[in-house]
Amino acid sequence: MRLEGKVAVVTGGGNGLGRATARRFASEGARVVVADLIDDLGEETSQMIADAGGTASFIHCDAVSISDNHQMAAHALETYGAIDVLVTAAGVSHPGYKSGDQEASVKWFAKRMDYVERPADELLELDLEDFRQVMAINLEGTLLAAQACGAPMVEAGNGGSIVTIASIAAKHPDAGPLPYVCSKSAVWMLTKKLARLLASSGIRVNAIGPGYIDTHMTSMIDLIPEDLLTQFFANIPMGRKGIPDEIASTALFLASDEASYFTGEILHPDGGYFTE
Ligand SMILES: NC(=O)c1ccc[n+]([C@@H]2O[C@H](COP(=O)([O-])OP(=O)(O)OC[C@H]3O[C@@H](n4cnc5c(N)ncnc54)[C@H](O)[C@@H]3O)[C@@H](O)[C@H]2O)c1
């Protein structure tokens with residue numbers, strides 16, 4: 001029960017890494033606020049936690065909305081009286097991404113495969129609005145959640161832990177589309193900046209930079225032609241995608257007192273991707 005007595009807010013808690021983290025935190029004793037854009041998914045996570053005997057409450061939050069983020073923090077304070085931990089798992093891989101909409105993701109991915117033959121087109125065909133949308137959700141969304149939840153954390157004076165979800169794409173340009181790698185690199189810098197700004201308040205801020213993890217976001221990788229798929233897995237010494245629980249374990253470590261001397265750090269559960 002490493003989070004006994006703690007209150008955790010998890011954005012993007014409706015699916016994938018956020019859901020796994022919310023469930024894991026609850027099983028370790030935390031009372032969890034599950035926040036997500038898609039209400040059905042968020043409610044489902046909250047119900048899964050309740051069914052397992054844990055404590056959770058869902059609140060709708062669009063990561064890019066200042067008022068939604070403030071309502072999310074207020075909901076945590078009203079429901080559980082404090083915020084000790086924030087995990088920012090809300091994110092998208094591309095503009096128009098909708099978690100769970102496999103058909104749309106497959107269509108998008110097919111278009112991306114064209115860039116294998118004509119890489120310059122990824123730059124030349126880029127729409128600025130698409131770039132801004134990904135930056136807004138991944139980067140500004142992380143910032144807004146940290147601001148909204150950070151305020152009561154600083155005011156309470158009890159310290160705490162913020163865990164952002166970056167990616168291997170924070171450091172490697174081939175690990176995602178152009179807007180995505182830029183957004184994740186910026187999330188990583190934001191994490192380091194926040195670590196410095198919040199250290200004197202006793203709040204640790206760290207990032208997780210996962211490799212390819214088996215969620216809706218990466219489900220189309222399996223559609224890559226055989227030769228490319230072999231090449232893809234050749235870059236991962238462990239030869240497989242990770243599972244969401246492996247990220248939840250990393251988040252649990254960073255959120256807990258076991259990581260008491262970690263701040264401004266990024267951990268890469270990536271199956272060895274960065275050994276090159
Ligand atoms: N799956 C991977 O391989 C991988 C690797 C590295 C980083 N990440 C990052 O992890 C995070 C979670 O991705 P995932 O793989 O779990 O995908 P996912 O689709 O399973 O989950 C993403 C969640 O974020 C929510 N979300 C999306 N836009 C939102 C918004 N505007 N406001 C609030 N919630 C929103 C979705 O509804 C969904 O519940 C993302 O930031 C992603 O970039 C994923």
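Which exposed residues does α2 carry on the face turned away from its buried side? They are D40 and D51, where exposed means over 50% relative accessible area, buried under 20% and partly exposed in between, with a 1.4 Å probe and protein chains only.

Before going further, a word on the ground rules. This is a predicted model, in which local features need pLDDT of at least 70 and side-chain atom pairs count only at pLDDT 80 or more, while totals for chains, interfaces and linings use all residues. Residues are numbered from 1 along each chain as its sequence is written, and side-chain values use heavy atoms, with hydrogens and water left out.

**Helix α2.** Helices (H or I, at least four residues) and strands (E, at least two) are DSSP runs, numbered from the N terminus. On the buried side sit L41, G42, T45, S46 and I49. They share one side of α2 because they cover an arc of only 135° around the axis, taken from the directions from the helix axis to the C-beta atoms. An α-helix has 3.6 residues a turn, so residues three or four places apart point the same way. The cover over the buried residues of α2 includes α1 (16-27), β2 (31-36) and β3 (55-60), with contact meaning heavy atoms within 4.5 Å. After α2 comes G53, with a positive phi near 90°.

**The cores.** A nonpolar core is a set of buried Ala, Val, Leu, Ile, Met, Phe, Trp, Tyr and Cys residues joined through side-chain atoms within 4.5 Å. The largest one has 26 residues, and F25, V32, V34, V87 and I208 touch the most other members. Elements that each supply at least two residues of this core include β1 (7-11), β4 (85-88) and β5 (160-165). Helix α9 gives the largest share, five residues. A second, separate core of 24 residues includes A35, C61, Y80 and I203.

**N206 in β6.** Strand β6 (residues 203-208) holds N206, which counts as buried because its relative accessibility is 0%. What does the side chain of N206 reach at 3.0 Å? It is the backbone oxygen of F262. A polar atom of the N206 side chain also lies 3.3 Å from the backbone nitrogen of G264. Such polar contacts are pairs of N or O atoms within 3.5 Å; within protein, one must be able to donate a hydrogen and the other to accept it, and residues adjacent in sequence count only if both atoms are side-chain atoms.

**Salt bridges.** With a salt bridge taken as a side-chain nitrogen of Lys or Arg within 4 Å of a carboxyl oxygen of Asp or Glu, the count comes to eleven. Three of them are listed here.

| Pair | Closest N to O distance |
|---|---|
| E125 and K111 | 3.3 Å |
| R112 and E122 | 3.2 Å |

E122 is buried, at 19% relative accessible area. D214 is partly exposed at 42%, whereas K241 counts as buried at 12%. Finally, salt bridges that share partners join R2, E28 and E258 into one network.
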